Amino acid sequence: MRMKEYSKWILRGVLGAAGVFLLSFGLMQGGFDDVMRKATLLCLECMGIG
């Protein structure tokens, strides 16, 4: 394997691990509930109910 390909795999691994870490951190902070609440309100406003 060439060094350039090896560097790509390392970069993908680091970025993937960072993404998983940040996603889990946001879930622990309650971010999912906030996003769902805002999305529901936005959807209801578009239909003219909320």
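I took accessible areas from the Shrake-Rupley method with a 1.4 Å probe, where for residues only the protein chains shown count as cover.

I note that this is a predicted model, in which local features need pLDDT of at least 70 and side-chain atom pairs count only at pLDDT 80 or more, while totals for chains, interfaces and linings use all residues. Residues are numbered from 1 along each chain as its sequence is written, and side-chain values use heavy atoms, with hydrogens and water left out.

**Overall form**

I looked up secondary structure and found 2 helices and 0 strands. These are DSSP runs numbered from the N terminus, with H or I over at least four residues for helices and E over at least two for strands. Helix α1 covers residues 3–28, and helix α2 covers residues 31–47.

The C-alpha trace spans about 60 × 25 × 5 Å along its principal axes.

Between Leu27 and Cys46, 19 residues apart along the chain, I read a C-alpha separation of 27 Å.

**Burial and the patch**

I found 0% of the 50 residues buried. Buried means under 20% relative accessible area, exposed over 50%, and partly exposed in between (1.4 Å probe, protein chains only). Leu27, in helix α1, counts as exposed at 51%.

I listed one nonpolar surface patch, formed by Met3, Tyr6, Ile10 and Val14, with about 430 Å² of accessible area together. Patches take residues with over 30% relative accessible area and no salt bridge, joining like charges within 9 Å and nonpolar side chains (Val, Leu, Ile, Met, Phe, Trp, Tyr) within 5 Å. Tyr6 lies in helix α1 and is partly exposed at 45% relative accessibility.

**Salt bridges**

I searched the whole structure and got 2 salt bridges, each defined as a side-chain nitrogen of Lys or Arg within 4 Å of a carboxyl oxygen of Asp or Glu.

Arg2 pairs with Glu5 at 3.4 Å, N to O; Arg2 is exposed at 60% and Glu5 partly exposed at 36%.

Arg37 pairs with Asp34, their closest N and O atoms also being 3.4 Å apart. These two are separated by about one helical turn, because they stand 3 residues apart in helix α2. Arg37 is partly exposed at 49%, as is Asp34 at 34%.
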